[in-house]
Amino acid sequence: MNLFRIGNKELIKELNRSLVIDMVRLKGNISRTEIAKETGLGLSTITNIIDELIKENLVSEIGTGDSHGGRKPVLLKFNGDFGVVVGMKIEPQQVKMCLSNLEGKILHKHHFSYTLKEANRLATVIIEQLDSFIKQNECAAKLVGIGIATPGLVDRKSNEVLYSPILKVDHGDLKPIGKHFDVPLMIDNDANVFALAEKWIGLGRDYRNFIGVTVGAGVGAGIVIDNMLFRGDFGGAGELGHITIYQGDHLCYCGQRGCLELYASDAYLVNEAERMVSIGVPTLLASFTPITPESIVIAAQSGDRYAQELLVKQGENLALGIKNMVHLFNPEAVILGGEGLREGDFLLKGIQKELAVNFFVKHPRKLQFQTSQLGEDVWLIGACALVVSHLFKVPIYK
C-alpha cells in the first residue's frame, strides 16, 4: 500500500511552506535570505510564503539584524501564542495537565486525583476536569489540540490505551476527549513523550540520534533516529523494561521471566529493601513504615551503606538494558529521566560503572550520557510536543 501523496504543484507548495515554518519556528530570529540559504528555495518563493504567514499571524517581523554590507536584514519570529495546547500525563490515581503555547511555554498547570472505580470512566472524568481548567484560565488564543502521555501500550490510531498494568487499565478509550473539545487528540507512551520533549526544547536538540530512558514505576525508552521518533510497527518500540536480563528468573506481569523492570523499577527497590529488613540486615530502612522509594533515598543520603548499595545495584541493572539498546542503535547519547532520579548520585554511579564497558568504547566518538534538565514538566512538555509536531508535520503522507 502506497502511503505517500503523489507529487504535484499543491504538494510542492505545502512542502515549501512546511520547510519555511519549521525554519522560523525552530531557529527563530532569522531573515528571509538566511531561510533561502538553509532551504535552497528561491527568495521570491520565501517572500510569498512569509507574506502569507504574516497575514495568518503565524509569523511576525521583529526588527533588523546586523548588515554585512547593504540593507539590514529583517528578522522573523514564529508566533508561539497563535494557539494553545493542552498537555496531559496520566499516572496511577492522578492526572497532571497544563496549558502551553506552541513553543512549549507552560502557561497554567493543574492536577487531580481519581479512584480505581473512576479509572473505568477516565475519559469522562478528564473532560469534566479539563473543561473547568480551561474556563478558569481563559487565554486569548484558541485551543488547537490535546496531547496525552500514558504508561503502557497505546494504539495511536484508535486513541486507546490497549494495556497498562501500571494504570490497571485495558482498552481505555480516550477518543471522547478530542470529540468533546473538537480538536485533534494525540496519545502516546510516556517514554516516547519524554524523548519528544527532549528533542523539542531539551538536551536532545543537540543530537540527531539519541535514546531517552525513563525510570520510576516502570522502565521505558523513546528512540530518536535521524531527528525522528521511531515507534516501530504499531507504536511498541522502546519497551526497554521488558528486555530479558535474567533468563528463567522472576515472573513479570507481562508473562515473561527476568524482565529488566523487575530489577530496575521502583518496585525492585521496595521489594529488595523489605527483603533486607526481613532477614535482619542492620539498615536504617527498618525504621520506615511503609518502605518507599523516597525513604530508601533518605536512608542512602543519611549514610546507610545498604540503601546506597541498593541504589547502585539498581543503576547497574538498568545499565544492562541501556547497554543492549546502545549496541542495537549506536546512538550519540542516552538521556535519562523519570521519577526514579529523585536523588541520582548512587543510581548514576551504578549506571556509569556498567556503561563504561561496551563494544564501542574504543571509538573516538564517545557515547554521551546525560540526565534531563526539564524536571517533572518534561511529560507535559512532551505531550504538548505531540500536538505541535502533528500541526506542523511535513505533509508527505496521505
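Contact here means that heavy atoms lie within 4.5 Å, and helices (H or I, at least four residues) and strands (E, at least two) are DSSP runs numbered from the N terminus. The structure is a predicted model, in which local features need pLDDT of at least 70 and side-chain atom pairs count only at pLDDT 80 or more, while totals for chains, interfaces and linings use all residues. Residues are numbered from 1 along each chain as its sequence is written, and side-chain values use heavy atoms, with hydrogens and water left out.

**Packing of helix 11**

- Helix 11 (residues 345-355) has among its buried residues (under 20% relative accessible area, with exposed over 50% and partly exposed in between, for a 1.4 Å probe and protein chains only) Phe346, Leu347, Leu348, Gly350, Ile351 and Leu355.
- The buried residues of helix 11 pack against strand 12 (210-215), helix 9 (293-301), helix 10 (305-329), strand 15 (333-337) and strand 16 (368-371).

**Helix 1 and helix 2**

- The axes of helix 1 (residues 9-27) and helix 2 (residues 32-39) come within 10 Å and cross at roughly 115°, where axes are lines fitted to C-alpha atoms, for helices over the stretch in contact, and angles run from 0 to 180 degrees between N-to-C directions.
- On the helix 1 side the contact is made by Leu19, Val20, Met23, Val24 and Lys27, and on the helix 2 side by Ile35, Glu38 and Thr39.
- The residues of this contact divide into five nonpolar, one polar and two charged, with Ala, Val, Leu, Ile, Met, Phe, Trp, Tyr, Cys and Pro counted as nonpolar, Asp, Glu, Lys and Arg as charged, and the others, Gly among them, as polar.

**Aromatic pairs**

- Rings of Phe, Tyr and Trp (its six-membered ring) pair if their centres lie within 6.5 Å, and planes under 30 degrees apart count as stacked, over 60 as edge-to-face and the rest as tilted; by this rule the count comes to five aromatic pairs.
- One of them is edge-to-face, because the rings of Phe78 and Phe392 have their centres 5.6 Å apart and their planes at 85°.
- Phe78 lies in strand 3 (residues 74-78) and Phe392 in the segment after helix 12 (378-391), so the pair ties together parts that are 314 residues apart in sequence.
- Phe78 counts as buried at 2% relative accessibility, and Phe392 counts as buried at 12%.
- The rings of Tyr263 and Tyr268, with centres 6.4 Å apart and planes at 50°, form a tilted pair, and both residues are buried.
- Tyr246, Tyr263 and Tyr268 form one aromatic cluster.
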